[in-house]
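Subject: Structure handover

Hello,

The structure we talked about is below. My notes on it follow; please read them alongside the model.

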Amino acid sequence: KPPPTLARLQELSAATLLAMIGASLIAVLDGLGSGIVLIALLAIPPVIAALNASPPETGVVGAFCVLLAVLSGTWDQNFDQTEYVVVVLTVVAGALAGLWVSTLRANLDREQAASELLAEAGRLMETPLDQKERALQLAKLAVPALSDVAMVDMLSPEGQIVRMAAWSAGSDVADRFIKLRAEVPIDPRGPHPVAEVLRTGEQRLLDRLSDQQIDEITTKDEEREALVRDRFRSCLLLPLVAGGRVVGCVTLWIMRPANAFDEIARRTAKRLADRAALALVNARLHEQQAHIASVLQGSLRPRSLPEIAGFESSSRFLAAGEAYEVGGDFYDVFRTGSGAWTAVIGDVCGKGPEAAALTALARYSIRAASSPERAPSDVLRALHESITGERTDLRFCTAAIARVETEAGGHRGQDGA
């Protein structure tokens with residue numbers, strides 16, 4: 001998360017209050033005049049606070065202790081003595097040491113949180129999700145760990161910028177910009193920062209936009225009104241690069257006043273974007289392969305079964321394996337003459353393109369070999385000759401064929417396997 005700032009400090013933690021109470025007790029005991037110089041112990045509370053408090057809180061404790069040390073000259077009446085200067089410098093050193101320890105601890109905590117975020121990203125990006133679901137996972141990972149709003153845009157195969165996902169914390173900003181981009185897409189050749197990042201492949205860090213800057217990057221009134229209404233404090237745009245090619249852009253917004261997107265935040269966001277880019281491209285390839293497999297599988301099955309007088313026919317096909325794999329199962333029902341029909345069900349060895357080629361060969365060989373004069377066993381023999389004549393590998397096909405002949409007042413059938 002972005003580091004806390006003194007301006008956003010609204011309440012003090014228990015560790016901070018205890019450290020300040022301890023400092024007050026030291027000052028009171030020193031002021032009672034016990035003869036023992038205790039005020040130098042004010043160098044300790046800032047270091048103790050640093051173990052649990054944030055850097056701004058530790059700074060408050062340090063400033064409080066330095067103030068007490070300076071005021072101690074009032075009741076000790078030693079403003080003009082070397083001892084007073086040494087005590088004040090000691091407390092100042094303690095305050096600076098506490099602030100250094102607190103900053104170091106906060107950075108280590110943020111580095112650990114960044115490592116956990118990237119580990120979670122790696123785990124989620126390995127799950128079998130489609131492109132939009134993975135883009136949404138990316139946006140959810142970034143909010144609120146890195147930003148208040150996250151948006152993911154991808155380049156379509158046609159070169160258009162498509163808003164794949166958006167997510168926001170505690171507001172409906174994401175929903176509004178999802179709807180906006182559906183109605184007003186970003187021009188790939190326009191001045192919008194997302195378009196520039198996609199063209200150049202370089203990340204951009206933007207501060208709060210002025211009205212003039214919003215006018216320069218928007219092309220539609222509704223787009224301008226949205227950016228004016230939901231004006232960010234800071235914006236980080238990162239290219240999604242996979243295989244040396246820019247495939248998209250992730251946009252992170254900070255809406256609240258904060259020292260956002262420091263070195264740790266930018267480095268973490270960059271590593272997250274790099275991991276997500278490959279996962280998003282893989283998801284797109286998986287979708288394309290699944291679509292190709294679905295189209296190819298559909299071409300190897302009849303669109304519908306014919307109506308046969310005196311018979312009821314139906315089919316159900318459920319492909320096993322992954323969505324992008326073409327199976328070798330097939331079936332068909334077709335007319336082979338006047339009142340004669342052939343039904344076939346079969347399976348070829350294996351899956352994938354080779355199995356699809358053999359399936360097509362088997363299906364159309366059976367259709368070509370079928371005739372009213374040929375028995376089903378002869379058709380299977382012709383299928384065998386066709387496969388052995390065309391294929392030199394060890395792939396095989398199993399099939400069962402039934403012929404149905406309709407007659408007045410009844411029906412009869414033949415089968416072969």
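Helices (H or I, at least four residues) and strands (E, at least two) are DSSP runs, numbered from the N terminus. The model is predicted, so local features need pLDDT of at least 70 and side-chain atom pairs count only at pLDDT 80 or more, while totals for chains, interfaces and linings use all residues. Residues are numbered from 1 along each chain as its sequence is written, and side-chain values use heavy atoms, with hydrogens and water left out.

Thr 342 lies in strand E7, residues 340-348. At 3% relative accessibility Thr 342 is buried (buried is under 20% relative accessible area, exposed over 50%, partly exposed in between, with a 1.4 Å probe and protein chains only). Setting aside neighbours within four places in sequence, Thr 342 is in contact with residues including Asp 332, Phe 334, Ser 370 and Arg 403; contact means heavy atoms within 4.5 Å.

Phe 396 is in the loop between helix H12 (376-390) and strand E8 (397-407). Phe 396 is partly exposed, at 48% relative accessibility. Beyond neighbours within four places in sequence, Phe 396 is in contact with Asp 347, Val 348, Cys 349 and Leu 358.

Aromatic rings

Rings of Phe, Tyr and Trp (its six-membered ring) pair if their centres lie within 6.5 Å; planes under 30 degrees apart are stacked, over 60 edge-to-face, and the rest tilted. By this rule there are three aromatic pairs. One of them, Phe 177 with Trp 253, is edge-to-face, at 5.1 Å centre to centre and 85° between the planes. Phe 177 lies in helix H6 (residues 173-183) and Trp 253 in strand E5 (residues 245-254), so this pair ties together parts that are 76 residues apart in sequence. Both residues are buried: Phe 177 has a relative accessible area of 3% and Trp 253 one of 4%.

Phe 232 and Trp 253 have ring centres 5.1 Å apart and planes at 45°, so that pair is tilted. Phe 232 lies in the loop between helix H9 (221-229) and strand E4 (234-242), so its pair with Trp 253 in strand E5 ties together parts that are 21 residues apart in sequence. Phe 232 is buried too, at 4% relative accessibility. Ring pairs link Phe 177, Phe 232 and Trp 253 into a cluster.

The charged end of Lys 140 sits over the ring of Trp 167, 4.6 Å from its centre (the rule asks for NZ of Lys or CZ of Arg within 6 Å of the ring centre and within 35 degrees of the ring normal).

Cysteines

Cys 235 is buried at 2% relative accessibility, and Cys 65 is buried at 0%.

A cis peptide bond

Val 143 and Pro 144 are joined by a cis peptide bond, with omega about 0°. Pro 144 lies in the loop between helix H5 (131-142) and strand E1 (149-155). Most peptide bonds are trans.

Regards
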